[in-house]
Amino acid sequence: MAQTALLTAETVDDPWRNAQRQFDAAADLLGLEAGTRAFLREAQRQLIVNFPVKMDDGSVRMFEGYRVQHNLARGPAKGGIRFHPGVTLSEVKALAMWMTWKCAAAGIPFGGAKGGVVVDPKRLSLGELERLTRRYAAEISVLIGPERDIPAPDVNTTPQVMAWIMDTMSMSAGYSIPACVTGKPLSVGGSEGRNEATGRGVAVVALRACAHMGREPRQSTVAVEGFGNAGSIAARLMAADGFAIRAVSDTGGAIWSDKPLPVLDVIEHKKRTGSVAGFPGTRAISDAELLVSPVDVLVPAALENQITGANAGRIQAKLILEAANGPVTPDADEILHSRGVTVVPDIIANAGGVTVSYFEWVQDLQSFFWEEGEINKRLEHIMTASFETAWEAAEHLHVPLRLGAYTVAVQRVAEATTARGIYP
Ligand code: NAD
């Protein structure tokens with residue numbers, strides 16, 4: 001009995017199983033041909049690396065990392081790198097598969113990939129972090145490169161980390177290869193607008209979703225889980241559009257405010273203290289309370305599996321924008337749909353990051369850089385188009401928005417796969 005319960009819990013929370021389950025629903029609806037379905041259901045390449053890093057005290061520590069390429073049918077693989085103690089191969093495979101669908105839904109000519117290292121970077125000195133990054137980059141250099149697979153930032157990885165990866169690849173080649181990674185600092189071929197792109201894209205789809213739902217942003221309250229790159233910028237730009245941000249959280253704690261939060265001040269407070277916790281005039285709540293708080297819009301922007309079968313029935317928001325990847329499990333999706341909650345899926349909601357990463361790669365390859373206004377305009381155009389296409393597909397098929405978006409994305413990857421044929 002105990003073993004059954006354990007197996008069930010593992011299955012429910014396993015990101016790769018969840019990713020395959022989401023794909024299966026789209027494949028069923030599309031009536032995907034069996035061979036194509038079997039191919040797209042698996043990750044094409046999985047690299048596991050175990051590598052040593054010299055620590056400041058002179059000792060040598062071993063670390064485990066991954067790079068997974070889910071699919072390359074539509075172009076080079078693309079996907080971020082995560083440094084987190086909870087990283088697993090299953091998680092990285094799921095994130096790689098979601099990247100494939102995200103690029104396809106956005107109409108960007110990339111396949112999907114993801115990488116990760118099992119590490120808590122907050123426990124490393126800057127020197128240790130640099131050596132870990134460089135050695136991990138060297139280990140996965142057998143897979144990455146401008147025409148092959150292009151990493152980018154994800155949880156706990158920054159433009160500085162991307163610059164070290166770019167330098168490591170360049171030193172081994174003997175010349176600079178800026179296009180081998182995106183999300184770099186501007187000084188080494190980064191793009192204007194990249195740092196803000198994911199949050200900006202979330203803000204764009206927030207307005208589109210509200211327009212379709214007849215919801216007025218100025219009368220909508222919002223809770224944001226995870227006040228990092230994606231969450232803090234989404235909060236700032238949504239506040240600028242009139243949404244009232246009432247709750248935010250990070251690993252240091254969650255806060256609730258009876259009045260709209262001054263998001264710029266919260267960002268300053270977090271810069272100074274390391275967390276949103278303790279922001280003046282707010283009440284401390286738990287992260288679990290934030291998720292079910294009385295708001296109209298919920299923006300999970302931290303990690304996977306935050307809204308599950310266990311709490312989906314208590315979510316009060318009518319609109320969920322998945323700034324994070326995989327925050328809502330398939331079980332939760334079913335409950336939310338039956339309760340009339342609209343979920344804008346990750347592959348649509350957080351595609352702003354990979355979209356401007358694509359612009360960065362194009363600019364690096366051409367050594368010709370665009371102005372921020374141009375980048376934001378193109379970003380808004382792509383976000384709007386992919387949102388509207390997914391919305392139309394969902395309406396047409398009478399299915400939830402995630403499934404609508406998946407049918408568009410999976411169909412595009414399947415078409416590319418069929419056009420190329422099975423090698424040899
Ligand atoms: P980040 O490291 O900048 O921020 C993550 C934030 O989440 C931090 O503030 C952290 O304290 C918080 N957090 C982590 N666990 C938490 C928990 N249990 N409860 C509350 N807060 C928690 O990372 P990011 O780049 O903003 O990524 C966040 C999510 O967005 C991830 O799912 C990532 O895959 C996704 N995403 C990021 C990008 C990007 O361009 N950075 C693009 C697409 C999707």
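**Close-up views of a predicted model**

**View 1. Lining of the second largest pocket.** H11 contributes the most to the lining of the second largest pocket, with five residues. The structure shown is a predicted model, and the pocket holds about 510 Å³ of space. It is lined by 21 residues, of which His337, Val399, Pro400, Leu401 and Arg402 are the closest to the pocket centre. Two or more lining residues come from each of helix H2 (15-30), helix H11 (330-338), strand S12 (342-344), helix H14 (372-397) and helix H15 (401-420). By residue class, the lining comprises 12 nonpolar, four polar and five charged residues.

**View 2. The salt bridge between glutamate 334 and arginine 21.** The closest N and O atoms of glutamate 334 and arginine 21 are 3.5 Å apart. Because glutamate 334 belongs to helix H11 and arginine 21 to helix H2, this pair ties together parts that are 313 residues apart in sequence. Glutamate 334 is exposed, at a relative accessible area of 54%, whereas arginine 21 is partly exposed, at 36%.

**View 3. The salt bridge between arginine 236 and glutamate 196.** Here the closest N and O atoms are 2.3 Å apart. Arginine 236 lies in helix H8 (residues 229-240), and glutamate 196 lies in the loop between helix H6 (159-173) and helix H7 (197-213); the pair therefore ties together parts 40 residues apart in sequence. Arginine 236 is partly exposed, with a relative accessible area of 23%.

**View 4. The salt bridge between arginine 208 and glutamate 388.** A distance of 2.7 Å separates the closest N and O atoms of this pair. Since arginine 208 is in helix H7 and glutamate 388 in helix H14, the contact ties together parts that are 180 residues apart in sequence. Arginine 208 is partly exposed, with a relative accessible area of 29%; glutamate 388, at 18% relative accessibility, counts as buried.

View 5. In the whole structure, 27 salt bridges are found.

**View 6. An open sheet of five strands.** The strands follow the order S1-S2-S4-S3-S5, with mixed pairing. Strand S1 (45-54) and strand S5 (149-153) stand at the edges and have a single partner strand each, so one side of each is left without a neighbour in the sheet. On average, neighbouring strands are turned by 25° against each other, direction ignored. Strand S2 (residues 60-71) pairs with strand S4 (residues 111-118) in the antiparallel sense over six bridges, and valine 68 stands opposite lysine 114 in S4.

Methods. Residues numbered from 1 in each chain as written. Predicted model: local features only at pLDDT ≥ 70, side-chain atom pairs only at ≥ 80, totals over all residues. Heavy atoms only, no water. 1 Å grid on protein atoms, 1.4 Å probe; cavity = no way out; pocket = protein on both sides within 12 Å on 5 of 7 lines; lining within 4 Å. Points joined across faces, edges and corners; volume = space filled by probe spheres on them. Helix = DSSP H or I, 4+ residues; strand = E, 2+ residues; numbered from the N terminus. Nonpolar A, V, L, I, M, F, W, Y, C, P; charged D, E, K, R; others polar. Pairing = 2+ DSSP bridges. Axes fitted to C-alpha atoms, helices over the stretch in contact; angles between N-to-C directions. Salt bridge = Lys/Arg side-chain N within 4 Å of Asp/Glu carboxyl O. Buried < 20%, exposed > 50% of the residue type's maximum accessible area, 1.4 Å probe, protein only.
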